[in-house]
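Subject: Handing over a structure

Hi,

Here is the structure I promised to pass on to you. Please have a look at it first, and then read on for what turned up in it.

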Amino acid sequence: MTHYKTATQDIVPFGQKLAFGSGHLANQLFPAALGVFMVVLVMSLGMDPILAGLLGALPRLLDALTDPIMGFISDNTKSKWGRRKPYILIGSVISGITYMIMWQLNPENSEVYNFFYFLVVSIFFYIGYTIFATPLIGLGYEMTPDYNERTRLMAVSQFMGQIAWMIAPWFWVIIYNPSLFDSAPEGARILSIWVGALCMVLGILPALFNNEMIVPDQDKMKNLSAKELAANTKEFIKGIKLTIQNKPFMKLCGSTFLIFNGFQTIAQFAFFIIVYYLFQGDKVAAGGWPAWFGTISAMATAFLVIPIVTKLSEKFGKKNAFIIATLLSVVGYALKWWGFNPEYPWLMFMPIPFLSFGIGGLFTLMMSMTADVCDLDELNNGERREATFGAIYWWMVKLGTAIAMLTSGVVLHYIGFDESVDVQSAETITNLRLADILIPITTAFLAIVLIWKYDITEAKSHEIREALIARRGKVKHEGDVISNVTGEIIPDKI
């Protein structure tokens, strides 16, 4: 394979990588915490599960619809503060504050009151979350033009994002600890303030310390004004069409949809298998085992998978690294059959080092590969549309999550799972364990087939970059200075 040395000016300073990673920690902590907090609605506030499901689904539907719009707005914003950082700052403040307000619920309130209170506030939360997250993703795609440095940048961001999944499983333990709080709703009210404040501070850091790319040809950016609404609507639709016509990008989206859908469909199955198979339905005996399973998985992803995947990418290319990581995850899923053993519960951790390659490799590589695709899009269409690509990519992730939630329930229903009993039948447990293994293995192989002909290699990425430089010069970022001697771009060292 052809390899190119990363130029000094293309290296993102470590401080900026940490700042960008801090934003991703906030970006991951919000959904990780929500997954735990939502249990309080049913278990401790007595809300009908259907209403709780609607509270989980309706705001996310709005979130998915607003992502591409926010991407278009961010891509075409002209301000002295940039086209990403103002939104990252404002969005982090809105989402942090509304997260705190959203969980100020009391069991004394009526079910209808709590439902509509949560629904209204969560809508504002997801609007703020979109304003924050969509430009943040776009910022990452443009921070360096180098093929391998992009992977290193995404590796740092994904490493820090995994911290959210290490700590979030323990929110359950904190909220339901009687020595800390008189009730779970009280625990949720107080803990949400800490979570919201932490996410707000972390989310602000990229806006303060990261440098944006200076758009090469700003004349092609749209004017965001009420007078241009009709024209911008047409351009927005045109941009969406151009994005989905980009074949390499759609391969990335499709592969992500398959891997993430398979993972999400069986995500809760591990909890059920631990409780109902390893501990025969005894939730007290199961204790912290499910939380440890989630935490160890996140730790394996952060400390083992992400560094290995980064090295594989540099040596064999991003597509091949993705295929290798996905095949290793298949080994992990297969090992679950022997790893879940009632006689030796600790064996549940055996498959984790292999399992973690699935999601750990997925987002580290796919975000880096999407940045490469953005260069191809500029070469073909003359515009920088990182936030639009990011919005559509994550829309695909959210679509996968929604379908996975539906699929998961359908699978549990048809295998005969009965949530009203403590002891499931032997047939149900066997079918549950088979589904836990076969579903993600199937989607993994389908993803490999789909990505097989993805053709943006390191050499092709370098060719695209050289063609862009010949057309409009080298990419510049805020804080860059030009050497009077060599004419080279010298990045700041934050």
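A residue counts as buried under 20% relative accessible area, as exposed over 50%, and as partly exposed in between. Tryptophan 289 has 27% relative accessibility, so it is partly exposed. Please keep in mind that this is a predicted model.

On confidence, the protein chain has a mean pLDDT of 89, with 96% of its residues at 70 or more. Among the elements of the chain, helix H3 (residues 85-102) has the highest mean pLDDT, 97, while strand E3 (residues 481-482) has the lowest, 60. Where pLDDT is low, the predicted coordinates should not be read in detail.

Leaving aside residues up to four places away in sequence, phenylalanine 37 touches Tyr99, Trp103, Phe171, Ile175, Ala188, Leu191, Ser192 and Val195. Phe37 also belongs to an aromatic cluster, together with Phe30, Tyr99, Trp103, Phe118, Phe125, Tyr126, Tyr129 and Phe171.

There are 26 aromatic pairs in the structure. In one of them, the ring centres of phenylalanine 159 and phenylalanine 303 are 5.2 Å apart and the planes stand at 90 degrees, so this pair is edge-to-face. It links distant parts of the chain, since phenylalanine 159 is in helix H5 (residues 147-167) and phenylalanine 303 is in helix H12 (residues 289-316), 144 residues apart. Phenylalanine 159 is partly exposed, at a relative accessible area of 29%, whereas phenylalanine 303 is exposed, at 53%.

What about the pair made by phenylalanine 279 and tryptophan 289: how are its rings set? Their centres are 6.2 Å apart and their planes are at 40 degrees, so the pair is tilted. Phenylalanine 279 lies in the loop between helix H10 (269-278) and helix H11 (283-286), and tryptophan 289 is in helix H12, so the pair ties together parts 10 residues apart in sequence. Phenylalanine 279 has 15% relative accessibility and therefore counts as buried.

Finally, two charges sit over rings. Lysine 318 lies over the face of tyrosine 147, 3.9 Å from the ring centre. Arginine 433 has its charged end over the ring of tryptophan 337, at 4.1 Å from the centre.

Enjoy exploring it!

Best wishes

How values were computed:
Residues are numbered from 1 along each chain as its sequence is written. This is a predicted model: local features need pLDDT of at least 70, side-chain atom pairs count only at pLDDT 80 or more; totals for chains, interfaces and linings use all residues. Side-chain values use heavy atoms; hydrogens and water are left out. Contact means heavy atoms within 4.5 Å. pLDDT is the predictor's confidence in each residue, from 0 to 100. Helices (H or I, at least four residues) and strands (E, at least two) are DSSP runs, numbered from the N terminus. Rings of Phe, Tyr and Trp (its six-membered ring) pair if their centres lie within 6.5 Å; planes under 30 degrees apart count as stacked, over 60 as edge-to-face and the rest as tilted. Buried means under 20% relative accessible area, exposed over 50%, partly exposed in between (1.4 Å probe, protein chains only). A charge sits over a ring if NZ of Lys or CZ of Arg is within 6 Å of the ring centre and within 35 degrees of the ring normal.
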